[in-house]
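The briefing below is meant to be read alongside the sequence and the coordinates.

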Amino acid sequence: MSIANKIKDYMERASWIRKMFEQGLELKSRLGAEKVFDFSLGNPNLEPPDEVRKAILRLINDERPGKHAYMPNAGLRETRQAVANSLSQDHAVKLTWEQVIMTCGAGGGLNVALKTILDPGDEVLVLSPYFVEYLFYVDNHNGIGKLIKNNEDFTLNVGAIEAGVNPRTKAIIINSPNNPSGRIYDEPSLKNLGKLFETIQKRSGQTIYLLSDEPYSKLVYDGVKIPSIFQAYPYSMVITSYSKDLSLPGERIGYVAVNPGMENWKQVVDGLTFCNRILGFVNAPALMQHIVSKLQGVQVDVSEYQRKRDNLCRGLAGAGYSFIKPEGAFYLFPKSPIPDDVLFVNTLLQENILAVPGMGFGTPGYFRLAYCVEDRVIEGAMEGFRRAVKKATT
Ligand SMILES: Cc1ncc(COP(=O)(O)O)c(C=O)c1O
C-alpha cells in the first residue's frame with residue numbers, strides 16, 4: 001500500500017526545503033529562537049497595515065446577513081470591480097469587473113490559469129532562477145515545464161526563449177519582481193517578448209499565453225516603475241495576491257486578471273471561473289474579498305523592506321559577497337563563494353544562519369536570503385556571514 005509514486009518522488013526532490021525547515025526548528029529549540037538567523041522563508045515579518053484590522057472589525061460588526069455565503073465562482077462583483085478599477089489605473093488599460101477572477105492567492109490563481117489553458121503534453125516555459133512550485137503546478141495540469149535560463153544578470157533572455165518555443169508551447173510563466181533574484185524585467189525586454197509571441201502567432205496561428213506572476217508588484221524600491229504586461233502583449237494574464245503587499249499570506253486571497261485586449265477573453269474568463277470551481281477552491285474566501293475590495297491602494301510600508309535590503313547589501317558587500325542589488329521583492333540571491341551552493345549553505349548553518357541553496361531555484365552556485373525579517377536577524381547574522389565566507393574560501 002502506498003501513496004502515488006510520483007508524489008513520493010516529488011517529495012524526495014523537494015525534501016531539502018523540509019530538511020532546512022526541520023534543521024531550523026531543531027536549532028531554534030536547542031539554542032533559542034533569538035540565536036538563530038532565519039532567512040529561509042518568504043513569510044513577511046511586517047504586520048498587515050492598520051486599515052486591514054479596522055476593515056475586519058467593521059465587517060464583523062456589520063450585522064447584515066449573507067457575508068459567509070457561497071457566491072459566483074469568480075467572486076463578488078464589487079470586489080472584482082474594485083480590482084478592475086485599480087488595475088485600469090496601473091496599466092493604463094480599461095478593465096471591467098468581468099475580466100477579474102478572485103482566487104485563493106497567486107498559487108491558486110496559477111493553478112486555475114494552467115488548468116484552463118493546458119492540454120496534456122503542452123509545454124510551459126519556466127525561467128530560471130524560478131519559484132520552486134512552478135514545475136509542480138505545471139505538472140498538476142498534465143503540462144511539461146521547460147526550463148529557460150535567464151541572462152547572467154537575471155534579465156530576460158528573449159533569444160533563449162525564442163529557441164525554447166516549439167509547436168507544443170502553450171504558455172510562459174514570468175515573475176517580476178522576481179523570487180529569488182529581486183530583478184524587475186524592463187519595458188523593452190517585455191515588449192520584445194510580446195513581439196516575439198505576436199510574430200509566432202501571425203506566422204503559425206499558435207497562441208502562447210503569458211502568465212505574469214506578480215505577487216511582489218507593489219514591493220519595488222528606489223522609485224522604479226513596474227512596466228505593464230498588458231501593454232506588452234495581448235494574450236497575457238496578471239496573477240497576483242495580497243500575500244506580500246498586505247502581509248496576508250495565510251488568508252489566501254488574490255486574483256487573475258485577463259488582458260481585455262485578448263481576443264478570446266470571455267472564453268478564458270469562463271474557463272478560469274469553471275476551473276476555480278472544479279479544482280475545489282469554489283471561490284476565494286468571502287471575508288477577505290469584502291476586505292480587499294475596500295483596501296485597493298493600501299499596502300505595507302515598503303520603505304521598511306528597502307531599508308532591510310540596504311542593510312543586508314551593505315553588510316554582505318563589506319564581507320566580500322557578490323550579488324545583484326534587488327530592485328523589488330524581499331529576496332537577495334548572492335553568488336555562493338564556492339561552486340557547491342549546498343555545501344556553502346551548510347557552512348552558513350554552522351553559523352546558525354538559515355539560507356536556501358540556489359539549486360532549489362534551478363540555479364546552482366547561488367543561495368537565497370529572504371530579508372523579510374526583523375532587523376536584529378540581519379544585524380546579528382553579519383559576523384557569521386563574514387566567518388562563513390572566510391571558512392569556505394581558505
Ligand atoms: C513568485 C511567487 N509566486 C507565487 C507565490 C505564492 O503566493 P500566494 O501566497 O499568493 O499563493 C509566491 C509565494 O512566495 C511567490 O514567491
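Serine 293 is buried, because its relative accessible area of 12% falls under the 20% limit used for that class. The model in which this value was computed is a predicted one.

**The packing of α4 against α11**

- Two packed helices are described by the angle between their axes and the distance between the axes.
- For helix α4 (residues 77-91) and helix α11 (residues 286-294), the angle is about 35° and the axes are 9 Å apart, while the crossing of this pair is left-handed.
- On the α4 side the contact is made by Glu78, Thr79 and Ala82, and on the α11 side by Gln289, His290, Val292, Ser293 and Lys294.
- Sorted by class, the residues in this contact between α4 and α11 are two nonpolar, four polar and two charged.

- Strand β3 (residues 123-128) is mostly covered, with six of its six residues buried.
- In a regular strand the side chains alternate between the two faces of the sheet.
- In β3, Glu123, Leu125 and Leu127 point one way, whereas Val124, Val126 and Ser128 point the other way, and all of them are buried.
- Strand β3 pairs in the parallel sense with strand β4 (residues 144-149) over six bridges, and within β4 it is lysine 149 that stands opposite serine 128.
- Together with helix α6 (residues 134-140), β3 and β4 make a β-α-β unit that is right-handed.
- Strand β3 also runs parallel to strand β5 (residues 169-175), to which four bridges join it; in β5, isoleucine 172 is the bridge partner of leucine 125.

**The sheet of β9, β12 and β11**

- Three strands form an open sheet with antiparallel pairing, and their order is β9-β12-β11.
- The edges are taken by β9 (331-332) and β11 (356-357), each of which has a single partner strand, so one side of each is left without a neighbour in the sheet.
- Strand β11 pairs with strand β12 (residues 367-370) in the antiparallel sense over two bridges, and valine 356 stands opposite arginine 368 in β12.

**Valine 345 in helix α13**

- Which residues are in contact with valine 345, leaving aside its neighbours within four places in sequence? They are Met20, Ala355, Val356, Pro357 and Phe367.
- Valine 345 lies in helix α13 (residues 341-350) and counts as buried because its relative accessible area, 3%, is under 20%.
- Alanine 355 is ten residues away from valine 345 along the chain, and the C-alpha atoms of the two are separated by 6.1 Å.
- Val356, which is in contact with valine 345, is also the residue that stands opposite arginine 368 in β12.

Definitions and conventions. Residues numbered from 1 in each chain as written. Predicted model: local features only at pLDDT ≥ 70, side-chain atom pairs only at ≥ 80, totals over all residues. Heavy atoms only, no water. Axes fitted to C-alpha atoms, helices over the stretch in contact; angles between N-to-C directions. Left-handed = near helix turned anticlockwise from the far one by under 90°. Contact = heavy atoms within 4.5 Å. Nonpolar A, V, L, I, M, F, W, Y, C, P; charged D, E, K, R; others polar. Buried < 20%, exposed > 50% of the residue type's maximum accessible area, 1.4 Å probe, protein only. Pairing = 2+ DSSP bridges. Right-handed = clockwise from strand over helix to strand, strands pointing away.
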